[in-house]
Amino acid sequence: MPRTTPTGYTVRPATREDVDGARAVMLDTFYEEFGYGYVPRWHRDVMDIEGTYLDNPRHVLLVATHGNEVVATTGVHSTGPAHPPHPRRLAERYPSGTTAQLVRVYVRPEHRRRGLARTLVEEARDFVAGTPGYDRLYLHTNTRVPGAEAFWRGLAKEIFDARTTGEHGPGVATVHFEIPL
């Protein structure tokens, strides 16, 4: 059942009608927030939202809408962190299939500070907890994005701080987390 936040936003699983709006939120985030744009090896799911999230019952793309506009996204898929670029020990600890990876937690700037990201993450955690076969909920974030590190530290447990390894190259400061189910 769709959840309406106290501020008038609706958080729910995406439908095919939401794909273009969700993709726009994601691409705008890559270009405007991250500053490095679309990187095919990192962002394949964005070009195939239907195949990645909508057509797989163990995956989900959640959206927050305001009126008819998609203003925030969060995805869950069953692919653990890949080695490389991530350390081998993370890939072994979070294997694909039994690991749910939280991705694409993006909120348009003009809709931030209203609890949308937290609500989307809570919905994603509920989805993972209710989906058979998942043991863990894993994510990684670029701590150079303002507010990202503090946000995740309030919801998740740090697993590995990769800022000294430079695993994604210049401008990316990655920290890996796990969210308790």
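Modeller: On a 1 Å grid over the protein atoms alone, a cavity is a set of points where a 1.4 Å probe fits but cannot get out, while a pocket is an open set with protein on both sides within 12 Å along at least five of seven lines; lining residues have an atom within 4 Å of a point. Grid points are joined across faces, edges and corners, and a volume is the space filled by probe spheres set on the points. This is a predicted model, in which local features need pLDDT of at least 70 and side-chain atom pairs count only at pLDDT 80 or more, whereas totals for chains, interfaces and linings use all residues. Residues are numbered from 1 along each chain as its sequence is written, and side-chain values use heavy atoms, with hydrogens and water left out.

Colleague: How much space lies in the largest pocket, and which residues lie nearest its centre?

Modeller: The largest pocket holds about 1,400 Å³ of space. Its lining comprises 47 residues, and Phe34, Arg104, Val105, Tyr106 and His140 are those nearest the centre.

Colleague: Which element gives the most to that lining?

Modeller: Elements come from DSSP runs, numbered from the N terminus: helices are H or I runs of at least four residues, and strands are E runs of at least two. Strand 5 gives the most to the lining of the largest pocket, with 7 residues. The elements that give two or more residues include strand 5 (99–107), helix 5 (116–129) and strand 6 (136–142).

Colleague: How does the lining of the largest pocket divide by class?

Modeller: In this scheme Ala, Val, Leu, Ile, Met, Phe, Trp, Tyr, Cys and Pro count as nonpolar, Asp, Glu, Lys and Arg as charged, and the others, Gly among them, as polar. The lining of the largest pocket has 23 nonpolar, 15 polar and 9 charged residues.

Colleague: How many cavities of 30 Å³ or more does a search of the whole structure find?

Modeller: The search finds 1 cavity of 30 Å³ or more. The largest cavity has a volume of about 60 Å³. Among the residues lining the largest cavity are Val25, Asp28, Val107 and Arg112. Helix 1 supplies the largest share of that lining, 5 residues. By class, the lining of the largest cavity has 3 nonpolar, 1 polar and 5 charged residues.

Colleague: How should I read the crossing of helix 1 and helix 2?

Modeller: Axes are lines fitted to C-alpha atoms, for helices over the stretch in contact, and angles run from 0 to 180 degrees between N-to-C directions. Angles under 35 degrees count as roughly parallel, over 145 as roughly antiparallel, 65 to 115 as roughly perpendicular and the rest as oblique. The axes of helix 1 (residues 19–34) and helix 2 (residues 40–47) come within 10 Å and cross at roughly 160 degrees, so the two helices are roughly antiparallel to each other.

Colleague: Which residues of helix 1 and helix 2 meet?

Modeller: Contact means heavy atoms within 4.5 Å. Arg23, Met26, Leu27 and Phe30 in helix 1 meet His43, Val46 and Met47 in helix 2. The residues of this contact divide into 5 nonpolar, 1 polar and 1 charged.

Colleague: Is Leu61 buried or exposed?

Modeller: Buried means under 20% relative accessible area, exposed over 50%, and partly exposed in between (1.4 Å probe, protein chains only). Leu61 counts as buried because its relative accessibility is 2%. Leu61 is placed in strand 3 (residues 60–66).

Modeller: Phi is positive in both, and neither residue is glycine: Arg104 has a phi near 55 degrees, and Arg113 has one near 70 degrees. Arg104 lies in strand 5 and is buried, with a relative accessible area of 11%. Arg113 is placed in the loop between strand 5 and helix 5, and counts as exposed at 85% relative accessibility.

Colleague: Which peptide bonds are cis around Pro84?

Modeller: A cis peptide bond joins His83 and Pro84, with omega about -15 degrees. The bond from Pro84 to Pro85 is also cis, with omega near 15 degrees. Pro84 is found in the loop between strand 4 (69–77) and helix 4 (88–93).
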